[in-house]
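Student: I have a model open and I'd like to learn how to read it. Could you take me through it feature by feature?

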Amino acid sequence: MAEIIQERIEDRLPELEQLKRIGLFSHAEIKAIIKKASELEYRIQRRALCKEDFINYVQYEVNLLELIQRRRARIGYSFKKEEIESSIVHRVHGVFRRASAKWKDDVQLWLSYVVFCKKWATKPQLSKVFSAMLAIHSNKPALWIMAAKWEMEDRLSSESARQLFLRALRFHPQCPKLYQEYFRMELMHAEKLRKEKQEFEKAKMDVENLDYPEEILTGELARIIYKNSVSIIKGAEFHVSLLSIAQLFDFAKDLQGEIYEDLQAMHTDDPLTWDYVARRELEIQSQPGGEPPVTKQAKAEEVGRREERCCAVYEEAVKTLPTEAMWKCYISFCLERFAKKTNSQFLRGKRLERTTTAFRKAHELKLLPEFLYKQWIELLLRQDFLEEALQVAVAGTELFRDSVMMWQVKLQVLVKAQSPDVAMLFEDAFVCLKPQVCLPLWISWAEWSEGAQSQEDTEAIYKKALLAVKGADSVTLKDKYLDWAYRSGGYKKARAVFKSLQESRPFSVDFFRKMIQFEKEQESCKMVNLREYYERALREFGSADSGD
């Protein structure tokens with residue numbers, strides 16, 4: 001092994017001599033490089049190989065390359081690169097080849113090799129690295145896409161990129177992402193060729209002898225990919241993704257129209273189709289070819305007309321497809337538009353009216369999911385429609401009696417309305433709900449009681465909660481109980497609560513930390529009490545605290 005290391009160090013000597021001769025490194029620096037290189041060579045020549053040693057070797061060489069680059073720029077010397085940098089790059093290639101042969105399955109190692117090649121190697125070398133990587137990791141579509149993008153964007157070889165996508169699809173015939181990126185690549189290539197052709201025509205150059213296939217220029221290849229992909233991968237979501245890609249290219253209007261028509265014909269029963277068709281109305285002018293609105297009022301009116309058209313499509317959609325998913329799309333659109341900022345009171349009023357009407361209709365049809373009841377109530381509360389919010393909350397809890405979230409929202413409405421029935425409603429909630437999901441409600445009740453009831457009532461709630469909530473959930477409750485005791489009755493009250501709970505396991509580390517902190521804040525801090533808290537904590541959790 002010593003002979004191999006010596007030989008490899010001797011192979012470095014010509015480049016090191018050049019570095020010294022042209023003044024990039026001093027004699028002392030060259031000696032330091034030889035010493036470090038010997039150490040790194042020894043590590044990667046051992047019988048028991050370690051991946052980190054190879055990574056450290058490569059990192060050292062890359063750092064050396066970057067230092068050489070900086071020093072060249074500083075002194076303005078650009079010669080002898082073949083003897084210096086090329087030699088180092090060649091050596092790193094050898095190390096990467098050994099490492100990737102030893103740890104074939106390590107994708108991160110291959111990606112590090114790719115990153116190195118992109119910066120320091122030639123394009124043919126990187127092409128070989130991609131080929132070697134894909135031969136082993138052919139089961140990873142993202143790597144095929146990376147290689148094809150590099151061929152297309154960096155190597156400017158659309159044919160190589162196309163071949164990579166076709167090979168990838170043989171391995172992954174059901175992968176939507178591959179079809180999307182292949183479709184995008186063909187459209188990008190067509191756009192690039194069209195621009196080239198236009199530039200040549202502007203320069204009055206003869207383009208007949210140049211290779212500009214009509215099927216590529218018109219996007220026919222992209223159309224074939226689209227047709228093949230939608231015959232294999234079903235669903236409106238994939239169809240819409242291809243349409244979104246096609247819309248990025250102005251020359252592909254015919255293709256966009258075809259995809260749009262197919263979407264409506266093939267996926268009429270999918271809410272996503274109706275959602276896309278409706279939202280598309282936002283982009284279409286009310287009077288095509290007319291002058292765009294100039295004044296703020298005219299702009300608001302135009303936006304209003306577009307939103308009316310969107311809602312007309314949604315209204316048709318919920319009649320054709322009366323499902324919870326379709327109503328969810330409609331209401332989500334209404335909420336998005338209402339959240340948009342506008343100075344027009346008319347537009348804001350129309351948006352609010354549309355949103356509340358959509359909520360009401362979905363509720364009447366019993367097609368409103370639980371989370372949308374919450375959003376409806378929150379919207380009504382923000383608009384100070386307390387009475388209607390309470391009606392919706394009551395209806396929501398009737399429909400979802402076992403939902404903690406619905407009971408919390410209902411209680412939130414009652415608290416805001418300053419209802420005298422809040423405590424009674426908490427009791428009703430605990431009757432309807434399973435004990436193991438009630439912790440948020442117990443906490444809400446205690447927090448409400450702290451501001452609305454006496455200390456005795458609040459303490460009674462905490463005590464009832466600790467009897468009802470068991471196991472890990474009780475830990476949070478104990479911490480909050482201790483905090484409340486200190487806020488409401490000071491140290492004496494907190495210590496009394498601590499004493500009453502000291503045998504009610506489990507505890508959190510914070511439970512003891514809080515008590516220690518409370519003790520330290522006292523003017524007459526007692527060491528005997530501190531010792532007691534620390535000893536109790538040590539008995540519960542041991543000397544090692546994983547929370548630190």
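Tutor: Of the 548 residues of the chain, 43% count as buried, where buried means under 20% relative accessible area, exposed over 50%, and partly exposed in between (1.4 Å probe, protein chains only). Bear in mind that this is a predicted model, in which local features need pLDDT of at least 70 and side-chain atom pairs count only at pLDDT 80 or more, while totals for chains, interfaces and linings use all residues. Residues are numbered from 1 along each chain as its sequence is written, and side-chain values use heavy atoms, with hydrogens and water left out.

Student: How many helices and strands does the chain have?

Tutor: Helices (H or I, at least four residues) and strands (E, at least two) are DSSP runs, numbered from the N terminus. Here there are 26 helices and zero strands.

Student: What does the radius of gyration say about the chain?

Tutor: You compare it with a globule rule, 2.2 Å times the number of residues to the power 0.38, taking the radius over C-alpha atoms. For 548 residues a compact globule would come out near 24 Å, but this chain has 35 Å. Along the principal axes, the C-alpha atoms fill a box of roughly 90 × 80 × 45 Å. As for contacts (heavy atoms within 4.5 Å), residues 24 or more positions apart make up 59% of those with a separation of 6 or more.

Student: Which residues touch the most other members of the largest nonpolar core?

Tutor: The general idea is that in soluble globular proteins, nonpolar side chains tend to be buried together. A nonpolar core is a set of buried Ala, Val, Leu, Ile, Met, Phe, Trp, Tyr and Cys residues joined through side-chain atoms within 4.5 Å. In this chain the largest one has 121 residues, and F116, F183, L187 and I377 touch the most other members. Helix 16 (residues 324-339) gives the most to this core, with nine residues. Apart from it lies another core of 42 residues, among them L414, F426, L482 and A485.

Student: Let's zoom in on L482. Is it buried or exposed?

Tutor: L482 is buried, at a relative accessible area of 0%, and is found in helix 24. Beyond its neighbours within four places in sequence, L482 is in contact with A494, V497, F498, F511, K514, M515 and F518. The C-alpha atoms of L482 and A496, 14 residues apart along the chain, are separated by 9.4 Å.
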